[in-house]
Amino acid sequence: MAESCQAAVAAGVTEIAFTDHVDHVPSDLGYGYYRPEDYFAAIEAVRNEFGDRLAILAGAEVDFHSETCDEVERFVTRYGSRYDVVIGSVHYATGGAIIFPEHFADRTLDEVFLPYFNQVQAAVESGWFDTIGHLDIPKRYLPTGRRSYDPLVYRDRIERIFAAMIARGVAFEINTSGLRQAPQTSLPGPAIVRWYADAGGTLITTGTDSHAAQTVGAGIAKTLDMLELCGIEAVASFRQRRRRSVPIDELRPRIPVSG
Ligand SMILES: [Zn+2]
């Protein structure tokens, strides 16, 4: 955490949320590993060290699936109020199958994406999450040679998710990891953001999905440009689960004016 805070300050990032995974599928390598009290103690330690230079948010990326939702509910009920922000993310398909390239082997794209979007919809409607992580993440794992994902095919499905988000005040994340990985575009990309803005949506968070200090802040400036081009003027930020809106203009580095 200290390394990431240092990297954030160096990159001109003003606010960072540590959203460690909270895994609920027993076959996940992270299952049973999450220790909330140790996490909160670690957050306190970096706040003491970096709090004067950086806003440090306590966050969690909670794995959601309707098959594990009793366990998810237990977690958010017990610990939810101690975080600044809670992300809900879908990583698994039915039966504990992780949505990695092998999952596509004997399935059509519809057979992967439609059940996935159903789970995202359920995550939104659960009311447990402030924002939804990496909205179209299966595209990250499309096997080589089958990179034919076109969000337009799923526009109606995605717009139903947006309707639920807007009705409930749930945001979604622009995850910049896709810019530095195979999709070469954020998760989700500009087309989807534009549909959301056209539907009247305004609640978007940004995240780099940094699993290491080297990528803290990566792709954020480009993402802010993209959001503005799509008609989004502010990003959502959270303190103790309360949302506030930060104008994109305020997030840009100040350009010194001379003469
Ligand atoms: Zn995730």
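**Helix packing and backbone details**

Reply: In H4 and H5 there is a contact in which Leu114, Phe117, Val120, Gln121, Val124 and Glu125 of H4 meet Arg157, Ile158, Arg160, Ile161, Ala164, Met165 and Arg168 of H5. Sorted by class, this contact of H4 with H5 has eight nonpolar, one polar and four charged residues. Please keep in mind throughout that this is a predicted model.

Me: At what angle do H4 and H5 pack, and how far apart are their axes?

Reply: Helix H4, residues 109-126, packs against H5 at an angle of about 5°, and the two axes are 9 Å apart. That angle makes H4 roughly parallel to H5.

Me: And Gln119, is that buried or exposed?

Reply: Gln119, which is found in helix H4, counts as buried because it has 22 C-beta neighbours inside 10 Å, where the cut-off for buried is 20 or more.

Me: Which residues does Gln119 touch, leaving out those up to four places away in sequence?

Reply: With those set aside, Gln119 touches Phe64, His65, Ser66 and Val90. There is also Thr94, which lies 25 residues from Gln119 along the chain, with 9.5 Å between the two C-alpha atoms.

Me: OK, back to H5. How does H5 sit relative to H6?

Reply: The axes of helix H5 (residues 155-168) and helix H6 (residues 190-198) come within 10 Å and cross at roughly 50°, which means that H5 is oblique to H6. As for handedness, H5 passes H6 in a right-handed crossing.

Me: Which residues of H5 and H6 meet there?

Reply: On the H5 side they are Arg155, Ile158, Glu159 and Phe162, and these meet Ile192, Trp195 and Tyr196 in H6. The residues of this contact divide into five nonpolar, no polar and two charged.

Me: Changing topic to the backbone: which peptide bond is cis?

Reply: The peptide bond from Leu187 to Pro188 is cis, with omega near -5°. Pro188 is found in the loop between strand E5 (171-175) and H6. As background, most peptide bonds are trans, and most residues other than glycine have a negative phi.

Me: Where is phi positive in a residue other than glycine?

Reply: Gln240 is one of these, with phi near 50°, and Arg241 is another, with phi near 75°. Gln240 has its place in the loop between strand E7 (234-239) and strand E8 (242-247), and Arg241 is found in the loop between E7 and E8 as well.

Me: Now zoom out. How many helices and strands are there in the protein chain?

Reply: The protein chain has eight helices and eight strands. Its radius of gyration is 18 Å, close to the 18 Å that the globule rule gives for 259 residues, so the chain is as compact as a globular protein of that length. Along its principal axes, the C-alpha trace spans about 60 × 45 × 35 Å.

Me: What share of the residues counts as buried, and what share of the contacts is between residues 24 or more positions apart?

Reply: Of the 259 residues, 36% count as buried. Among contacts with a separation of 6 or more, residues 24 or more positions apart account for 76%.

How values were computed
Residues numbered from 1 in each chain as written. Predicted model: local features only at pLDDT ≥ 70, side-chain atom pairs only at ≥ 80, totals over all residues. Helix = DSSP H or I, 4+ residues; strand = E, 2+ residues; numbered from the N terminus. Rg over C-alpha atoms; globule rule 2.2 N^0.38 Å. Buried ≥ 20, exposed ≤ 12 C-beta atoms within 10 Å, placed from the backbone. Contact = placed C-beta atoms within 7 Å. Axes fitted to C-alpha atoms, helices over the stretch in contact; angles between N-to-C directions. Parallel < 35°, antiparallel > 145°, perpendicular 65-115°, else oblique. Left-handed = near helix turned anticlockwise from the far one by under 90°. Nonpolar A, V, L, I, M, F, W, Y, C, P; charged D, E, K, R; others polar.
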